[in-house]
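I opened the notebook to look up a few points in this structure. My entries follow in the order I took them.

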Amino acid sequence: MVTDIRTRLLGRDVSFPVEESRLAYWLVVMRLIVGWWFLHAGLDKFLAWPFDASWFVGGAAAQTTLGPILVLFSDGILLSFTNVMVPLGQTLIGLGLIVGALTRLAAFFGAFLMTFFYFVNGETGGWSHGVVTGDLLGLLIFAMIATLGAGRVLGVDAYLARTEFVRDHPRLRYFIG
């Protein structure tokens, strides 16, 4: 199987063939595993509803580098927004990765969440054994999925990339892949 990966990296068109089927399948495996990880995390929060993020944004995060930003979400309407968007976001990220639809967008938001988790969990004791943690590895896997166009290998993005709508609106290529 030969899959031609076409993407933009730092404003430049980058293209390379994935001639080795094992690499293409590896991208699919990574996409499915991370997709399940996030789908499971989101569904767990919905099944144990109501989800309450106040312990994280108001408690654990308060004394960290990101504390001044996250504390804004610790009460009122912003906490209510966070309580809905974290499980919804995790579920949608997981679904997007599993079916390979809007993969870059899903990977971007997955990396966005992992950045918060990495710094807050790290600064509250997670770095006691070093700065390489599961949160950092998750962030790097999301970057790999987005960069290598993992959604175009056995994913809905392969179909979407060939549609006339995407050809007529080339900026949409930034969201798929």
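**Entry: Thr103**

Is Thr103 buried or exposed? I looked this up first. The model is predicted, and local features are read at pLDDT of at least 70. Thr103 has a relative accessible area of 0%, so I note Thr103 as buried. The cut-off for buried is under 20%. Thr103 sits in helix α5. I then listed what Thr103 touches, leaving out residues up to four places away in sequence. The list holds Arg31, Gly96, Leu97, Ile145, Gly151, Asp157, Phe175, Ile176 and Gly177.

**Entry: the chain as a whole**

I stepped back to the whole chain. I find eight helices and two strands. Along the sequence the order is β-β-α-α-α-α-α-α-α-α. The C-alpha trace spans about 50 × 35 × 30 Å along its principal axes. The chain has 177 residues, and 41% of them count as buried. I also checked contacts between residues at least 6 apart in sequence. Of these, 68% join residues at least 24 apart. The chain exposes about 10200 Å². Carbon and sulfur atoms supply 70% of that area.

**Entry: the core**

Which residues touch the most other members of the largest nonpolar core? I get Leu70, Ile93, Leu97 and Phe142, out of 31 residues in this core. The elements that give two or more residues to the core are α1, α2 (54-60), α4, α5 and α6 (134-147). Helix α5 supplies the largest share, eight residues.

Leaving out residues up to four places away in sequence, Leu97 touches Arg31, Val34, Gly35, Thr103, Ala106, Phe142 and Ile145.

**Entry: aromatic pairs**

How many aromatic pairs does a search of the whole structure find? I count six. One of them joins Trp37 and Phe38. Their ring centres are 5.2 Å apart and their planes stand at 90°, so I log the pair as edge-to-face. The cut-off for that label is over 60 degrees. The two partners differ in cover. Phe38 has 2%, so Phe38 goes down as buried.

I also looked at Phe112 and Phe116. This pair is edge-to-face, with 5.0 Å centre to centre and 75° between the planes. Both residues lie in helix α5 (residues 103-126). They are four residues apart, about one turn of the helix. Phe112 is partly exposed at 42% relative accessible area. Phe116 counts as buried at 18%.

Trp37 and Phe38 belong to one aromatic cluster with Phe142.

**Entry: the nonpolar surface patch**

Which residues make the nonpolar surface patch of about 930 Å²? I list Leu43, Phe46, Leu47, Trp49, Phe81, Val84, Met85, Leu88, Leu92 and Leu95. The elements that give two or more residues to the patch are α1 (21-47) and α4 (76-99). Helix α4 gives the most, with six residues.

Phe46 is in helix α1. At 33% relative accessibility Phe46 counts as partly exposed. Leu47 is in helix α1 as well. Leu47 reaches 76% relative accessibility, so I mark Leu47 as exposed; the cut-off is over 50%. I also took one distance from Leu47. The C-alpha atoms of Leu47 and Leu137 are 27 Å apart. Along the chain these two residues are separated by 90 residues.

**Entry: Asn83**

Is Asn83 buried or exposed? Asn83 has a relative accessible area of 12%, so I record Asn83 as buried. Asn83 is placed in helix α4. Leaving out residues up to four places away in sequence, Asn83 touches Trp49, Phe51, Asp52, Ala53 and Ser54. Trp49 is also one of the patch residues. I close the entry there.

Note on methods. Residues numbered from 1 in each chain as written. Predicted model: local features only at pLDDT ≥ 70, side-chain atom pairs only at ≥ 80, totals over all residues. Heavy atoms only, no water. Patch = residues over 30% accessible without salt bridge, like charges linked within 9 Å, V, L, I, M, F, W, Y side chains within 5 Å. Areas by Shrake-Rupley, 256 points an atom, 1.4 Å probe, with all protein chains shown as cover. Salt bridge = Lys/Arg side-chain N within 4 Å of Asp/Glu carboxyl O. Buried < 20%, exposed > 50% of the residue type's maximum accessible area, 1.4 Å probe, protein only. Phe/Tyr/Trp six-rings, centres within 6.5 Å; stacked < 30°, edge-to-face > 60°. Core = buried A, V, L, I, M, F, W, Y, C linked by side-chain atoms within 4.5 Å. Contact = heavy atoms within 4.5 Å.
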